[in-house]
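Please read the points below with the coordinates open.

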Amino acid sequence: MLNKEFNTWQQDYTDKIRRWVPAYDDLIEHMTILPEGFKLADILDQDSGDGNATAALIQRYSTAHFTLVDASEEMIEATRQRFAEQAEVAFKEKYFQELNFLPNSFDFVVAGLAFHHLKAKEKQALFEQIY
């Protein structure tokens with residue numbers, strides 16, 4: 001299963017991803033910049049990895065509630081440790097295709113580098129659920 005493969009990447013994930021994805025830090029920065037005055041209460045980080053997008057968002061929206069989702073048990077454990085001091089962070093070890101949230105559960109959804117793993121119909125279904 002793919003989550004087993006992701007488990008092997010957890011060690012030094014950020015260093016690896018920076019080597020594999022040119023301008024990774026810029027990508028994270030741009031994914032988390034929203035219009036000035038934008039208010040967020042509930043944020044979903046799909047395929048959260050080790051939480052880099054959430055870490056950037058927490059700096060801007062420290063009072064928001066964050067839900068981090070990843071299929072890798074080791075990634076979830078790493079993010080659980082990383083955000084142990086953050087009271088408003090929840091974790092779900094699931095494939096994002098398996099998520100079933102109520103409509104309007106989140107004000108903002110950030111998804112890093114995961115959708116390329118999906119087939120076209122899976123992407124369509126996921127975007128319909130998010131929207």
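Predicted model: local features only at pLDDT ≥ 70, side-chain atom pairs only at ≥ 80, totals over all residues.

1. Leaving aside neighbours within four places in sequence, Leu99 is in contact with Gln46, Val69, Lys92, Lys94 and Gln129, where contact means heavy atoms within 4.5 Å. Leu99 lies in the loop between strand E3 (89-93) and strand E4 (108-111). Helices (H or I, at least four residues) and strands (E, at least two) are DSSP runs, numbered from the N terminus.

2. Is Leu99 buried or exposed? Leu99 counts as buried because its relative accessibility is 6%; buried means under 20% relative accessible area, exposed over 50%, and partly exposed in between (1.4 Å probe, protein chains only).

3. Residues are numbered from 1 along each chain as its sequence is written, and side-chain values use heavy atoms, with hydrogens and water left out.

4. The chain has six helices and four strands, in the order α-α-α-β-α-β-α-β-β-α from the N terminus.

5. The four strands form an open sheet with parallel pairing, ordered E3-E2-E1-E4. E3 and E4 are the edge strands, each pairing on one side only. From one strand to the next the twist averages 15 degrees. Strand E1 (residues 42-46) runs parallel to E4 and is joined to E4 by four bridges; two strands pair if DSSP finds at least two bridges between them. Asp45 stands opposite Val110 in E4.

6. Helix H4 (residues 52-60) lies across E1, strand E2 (65-70), E3 and E4, at about 175 degrees to E2. Helix H5 (residues 73-82) also packs on the sheet, touching E2 and E3, and its direction makes about 170 degrees with that of E3. Axes are lines fitted to C-alpha atoms, for helices over the stretch in contact, and angles run from 0 to 180 degrees between N-to-C directions.

7. Which residues of helix H2 (residues 13-20) are buried? They are Tyr13, Thr14, Lys16 and Ile17. These residues cover an arc of only 160 degrees around the axis, so they sit on the same side of H2; the arc is that of the directions from the helix axis to the C-beta atoms.

8. For the chain as a whole, buried residues make up 43% of the 131 residues. Among contacts between residues at least 6 apart in sequence, 59% join residues at least 24 apart.
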